[in-house]
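My entries follow in the order in which I looked things up.

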Amino acid sequence: MLKGKVSLDVTNLDNFEYDMSKCIKCKGCYWVDHIYMSGVNFSTRCPSATRYLFDSYGAYGKMRIGMAVLEGRMEYSDELLKTLYACTLCGACDVGCKRNLDLEIELSLEALRIKAVKDGKGPMPEHKKVAKKIIGQHNRFGSPHENRNKWLTKDIKVAERADVLYFVGCSAAYTNPEIARATAKILNAAGTPFMLMPDEWCCGNMLYSVGMIDEARKLAGRNVEEIRKTGAKTLLLSCAEGYRTWKVDYPKMLNISTDDLGFKVVHLTELVDELIKKEALKLTKPVDLRLTYHDSCSLSRLSDPWTPWKGERGKWGMVSPGLERRRGSSGVYQPPRDILNAIPGVELVEMVRMKENAFCCGAGRGTQEAFPDFAAWAAEQRLFEARTVGAEAIVATCPWCKDNFIRVAKETGENMKVYDISELILASIEG
Amino acid sequence: MAISKEAYKVMEAIVGGEYISSDPVVCEGYRSGPGGYEAGLGYERVMTKIPGCVIMPLTTEEVQKIVRVCNRYKVPYVPYSTGWYGPRSHCHVEDELLIDLKRMDDFEIDEKHLYAVVGSGVIYSQLQEEAMKRGMYIIVGGGGSQCSAIANMIGDGWSPLSYRIGLPHRRILGTELVLPDGELVEMGSLALQDDPFWGDGLGPDLRGLLRGFTGHRGCMGIVTKMAIKLMPFQPEKLEPTGISPHTSLQLPVNRVKWINFTMPSKESMKKAMFEMARAEIGAGATKVPIFWRAIAKASCKEEYWDIWSKESEETIRDFHLLRVLLVGFGSEEQMEYEERVLNDIITEIGGEARRTRPSDESWFKNADSAGMWLMCGGYVSVDYVIETLEHALPHGENYAELKKKFTPPLMPDYGDPGWFQSFELGHQGYSEFLVYWDPDENTDGVDQFYLETSKENIRKRFYTSLLGPHQPLYLTGPAYGPNYHKWMLAIKDEFDPSFICHPPVPLAHDEFVEKAEWMRPMKDWDSPKLP
Amino acid sequence: MTVKTKLRDIVGPDNFSDNPEVLNKYSKDFSLVPTGVPNYVVKPKTVEEVQKVVQLANKNRLPVVPTSSLVHFNGAAIPKQGGVIVDLTRMNRILEIDEFNRRVRMEVGVTWEQAAKALAKKGFRLMMPLSPHPMRSVVIDHLEREVITNTVYDYGEPLQSMEVVWPTGEIFRTGSASVAGYPDSPSKGANPSGPGLDFYRLLQGAQGTMGIVTWANLKIEYLPTIDRVLFAPVEDLGYTIDFLHRILRLRVGQECLLLDNTDLAALAAENWPEDFEELRATLPPWTLILVLSAMARRPEEKLKYEENILKEVIKNEFSEIHLEQNLPGFPGMGRKLLPLLRQPWPRKTPYWKNRCLGGCQSIFFITRPAMAPQFVDIMEAIAAQYGYSVDDIGGYIQPIEHNRACQVQFDIFYDPTGEVDVELVRSLYRDAISALASEGALFTRPYGELADMVYESATGYATALRRVKKVFDPNNIMNPGTLCY
């Protein structure tokens, strides 16, 4: 809809006709912000366009393809599905575009996937397999649901009731228990009681990300209600993808604002940073590492809170009522850095592409499942970047990032240690 | 298949299967519009097509081979670096090959001899940063730092930083040009050596084929490599700061400083520019169009309109903001000297310094050019001319009058007489007119205005960027030179006898006028039947 | 009507000649290029006359050789295939001096002497090559890309828009002079480029083969308020060139050049030949000349900061450079040289290139500055092979635009009346250009026999050039036998 009633509802691609039709091909979605451009190396932040090169893989191409889909000029094909899904929805394009224009690139891409699913053409077969597992076993691995809390060790104190509820997530529960344990122990060490969900189910990140919005919304509704029942004031996550799903996609799907969830959604790094600054947590043991920090997309540029909006668009493309766009400005960029700088012995070196210019690890939003080679390639790019700045370790705030980096480092023989930030925080508490 | 199977197969063997495609999804990704430069205008709607095939070569040799294959199989083609320039750099005919040059991103820099060698895939912001790291700088053309450096150097290529440096034409050193028939011409020192450090021709200078005042938009061959002059800068870092969208370069104010001055009149701005040039100080001197100030203040489109709607013809008429850049190229002492001289000049003329942020969001790394679309969704610089300040000011006033007749559909700008600035230390002056419209409304008036501007320039004897492929060639041709079009077409015919390099450019705008019913009544000049 | 009659009718009988004595004057110049006799000489006064001559020549396939002055050093105006000399020296009006835009428009026949005087009256100067012959054409020297002594302006070449008569006879204006009715237009002709194509580039360095330029706009600069001429004796050329890389990037100085003892002596000597011999014998092997200048506003302050920059660089990085206001042992050298750098050579004195032995064959090319010493060595070695005294070969290194490149020039002085001398110099010249080119000397202005050497090595360029030439001059009437045509 170019003029008239419009909303940010991603279930209707028509809402993004204006955005898709106004892309000017400046490739702000592809290049690192020119202010931060570091030269001829590490100059792009769109993994899809950097990998596949054809314009169709950048947002500038996808917006045009999106218009064709909207106008019924484009038939579904393998190539179209690859164009839509060989993309981590990392948000670099969205933030890049909003440096100067305010086009809703990310939402357009989400809406295109939702439409593909609605039209019976998407998602990719690999996604459907995972979806089945999520719906069946409430985790994306298809592991037994009853094993979800097996990560817990005896030395971890879990409260019956607390203001903070730690949402562990599938990865930390099943494949990365070190993250769950570290997070729990950090909370214990900080004297912050926490509870767990009585029956934790997958957050449904994958379902929403690949466009299976009906299933995702059902899951979101259930999960939100379950949290509300616990009376938790704060939902804590150690997984960036989960963080984004709860903070942004749940309100989006439920047509409420982040504030209306009834609880705050907080990432471990936000909490730990606050605790350190309040001196409620002291990091005293040295961790002698020259490391670099990888900004996980979902914690950083994708994590501005959500407010639903509907209104009208009129002359010159102006909307009313006024709309405060999500531009990635309030992402969690600094707290993880402050935490790392507070750990004795740590030497933090920044990669060339950092904060809102970070190059996605390649794993998220269905990419790892359907395009593992692409995910591996993106991780390899990032590890190379880390090596170039002389880092011996790379730190992330998301198990998806961590796993992808470890997998690729192993395959390529890259001599780079990979950590989740929770592990380093714990190491500096416990030694 | 949109191009012949035989041609496709041969080309696939040249670049490898991964770098060629005629898939409809891939090709759709290369559609010109509807958004972009000249967004939603008639030219884009009537004249552009999506490619029939896209190919991405890596080397000059591959480009040559591809062009020869096109000549053999009569496949029309268009070179494409970033696609930024809008419809004029996209396919215009069916079953056309789009040669996407983004893989040609080789880069070398010779700090001692002040030049860099780039392929077509290197953009200005990359080049600027590599230069600045080494105490040098370039002019990032007004199109933005996302422009391919080569494409802009042969197309446009100026900004307020051209105050000292002037025309981009002089910054082109050794260059490779693949002619439309596939022959390679190496220009400058490359003609004799494997070293592109120098640009002058061997005798007559064939860089004359690369462009005119503005460029050929890809219809006269493909530039695959170019050495570009870098200029000495100063040693301190311009520190990038902020989180998107509020990113900017913090200036080391002891060596780099913008200063805004409120001036009593337009004439006084011209005088200030004259005196600065006479004193040989400064690194930039430009009038600031008032709506840019509104864009800079606004956090979104709606806020822009809130600010803008409070302006009027009076406020525009009384708004005279001069923005001056000082750079201590040689030393801090030099900077201080220039600032004292500048203040002497401004005081004499009756201007007043305003508080100016010690940052740059625009001209060094030119991160702001995309913001031109924020206001309305549609934008074009309808004319931009390097001539003299004495040309720039009346050109602007004349133009403002003409613009009123076409407002709406143009955005109301209360008679703003365009943007002007000083170039080449006062030897030249510059005027540019930016217009905006809502691309989702009837834009026929914008197309007509564009052509009317061209006619007005001819009537009033102004020089213009609207030459060559930018306006009907048979309209402007007889009026400038006279008959420059005859030579252009003769050169085109010599090097592209099959007319397959970006057809029908440079006659595309002629064709547009014939094809578009809202343009036809404006045709009051002679032209032969178009090929 | 014969061609002769028609030509005479076009320009008038007083401005036409086929008298052998007159023709002979155009058959040779100061270069070693062999003589070539024209069939006719015409001296038009207006562009319309030029046009008619060219149209007539085209119709009759008659070669046309334009010349804008009577002083030539490179052989470009010597007819190779006969034809008509179009002597443009009568087209010598300074058409306008535009003070606001610092522009002068002048016909091609305007000489350096004439232009410098007229401009100085208004407080302006032209960018100049090193001490040009006062009777040479300003426009043509810039069209032929003579390298200027000023290194500080980023915008480089002074040439702006022009009027040209194409070989096919059309009158055409380039750049922003192309607007209808120019100069009666808001356009002043300050933009050289376009319309459509960059015609001006095709005319540059063309040695009259692409058309006849009748007038041009040129940038002019203010005369500085104060100047300070600095000298440094040079023992180590490479070290000095490194110094120049450092300071010229800091935008210090106006004119900057390096002269060897022979060339500097030829320029600076007053009483001839005593002063010359003494200077040549006692000057350092090379001398760096750097002029600091300031315009009207706070001039002393400007000089001060430039001097401070120099002081710092010398103190911290180049302690071997001794840059002073006087050349030690040569008092008053600054006073002598500044006029030579700011004005053309004085007409009453034999031209500095001809003073030494009468003849001078210059070799000049573009190169990276660091390579200049190597080329000096090559030249000396070649001279030695021929038993030619290096004292009779002048050297001049001209940094260009912040020293991004330089022009190296060798001036081989010889006695043109001695047959042996001439042949020896011709051979020496040939061997030198070959040796220099094979080590990377870039001959961008291929005069005389340089053309064959250059174009045989740049076949791709030559092919393209011929194709362009074919478009503008399908009958190949413009100065045929020149360049690669």
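**Entry 1: a sheet in chain C**

I began with an open sheet of 4 strands in chain C, ordered β1-β2-β4-β3, with mixed pairing. I looked for its edges next: β1 (16-17) and β3 (64-67) of chain C are the edge strands, and each pairs on one side only. I take strands (E, at least two residues) and helices (H or I, at least four) as DSSP runs, numbered from the N terminus. I call two strands paired if DSSP finds at least two bridges between them. For my own reference, strands of a sheet pair through backbone hydrogen bonds, either parallel or antiparallel.

A note on provenance: this is a predicted model, local features need pLDDT of at least 70, side-chain atom pairs count only at pLDDT 80 or more, and totals for chains, interfaces and linings use all residues. Residues are numbered from 1 along each chain as its sequence is written, while chains are lettered from A and ligands numbered from 1 in the order in which they are written.

I then checked one pair of strands. β1(C) and β2 (residues 40-42) of chain C pair in the antiparallel sense, over 2 bridges. There, F16(C) stands opposite V42(C) of β2(C).

Which helices pack on this sheet? I found α1 (residues 3-11) of chain C lying across β1, β2 and β4 (84-87) of chain C, at about 15° to β2(C). I also found α3 (residues 47-59) of chain C on the sheet, where it touches β2, β3 and β4 of chain C. The direction of α3(C) makes about 165° with that of β4(C). My axes are lines fitted to C-alpha atoms, for helices over the stretch in contact, and angles run from 0 to 180 degrees between N-to-C directions.

**Entry 2: confidence**

I looked up the scores. Chain C averages a pLDDT (the predictor's confidence in each residue, from 0 to 100) of 96, and 100% of its residues score at least 70. For the complex, the predictor gives an ipTM of 0.97 and a pTM of 0.97.

**Entry 3: chain C against chain B**

I counted 74 residues from chain C and 77 residues from chain B in this contact. Two residues are in contact if their C-beta atoms, placed from the backbone, lie within 7 Å. Which element of chain C gives the most to the side that touches chain B? It is α16(C), with 8 residues. Elements that give two or more residues include β10 (212-222), α10 (299-316) and α16 (459-472) of chain C. By class, this side of chain C has 32 nonpolar, 21 polar and 21 charged residues. I count Ala, Val, Leu, Ile, Met, Phe, Trp, Tyr, Cys and Pro as nonpolar, Asp, Glu, Lys and Arg as charged, and the others, Gly among them, as polar.

**Entry 4: chain A against chain B**

Here the contact takes 52 residues from chain A and 54 residues from chain B. On the side of chain A, α3 (59-70) and α4 (78-85) each supply at least two residues. α3(A) gives the most, with 4 residues. I sorted that side of chain A into 21 nonpolar, 15 polar and 16 charged residues.

**Entry 5: inside chain A**

I found 3 strands of chain A in an open sheet, in the order β1-β7-β8, with antiparallel pairing. β1 (4-7) and β8 (319-320) of chain A stand at the edges with a single partner strand each, so one side of each has no neighbour in the sheet. Strand β7 (residues 310-313) of chain A is joined to β8(A) by 2 bridges. R313(A) stands opposite V319(A) in β8(A).

**Entry 6: inside chain B**

I listed 17 helices and 21 strands in chain B. Its radius of gyration (over C-alpha atoms) is 23 Å, close to the 24 Å of the globule rule for 531 residues, so chain B is as compact as a globular protein of that length. The rule is 2.2 Å times the number of residues to the power 0.38. The C-alpha trace of chain B spans about 70 × 55 × 45 Å along its principal axes.
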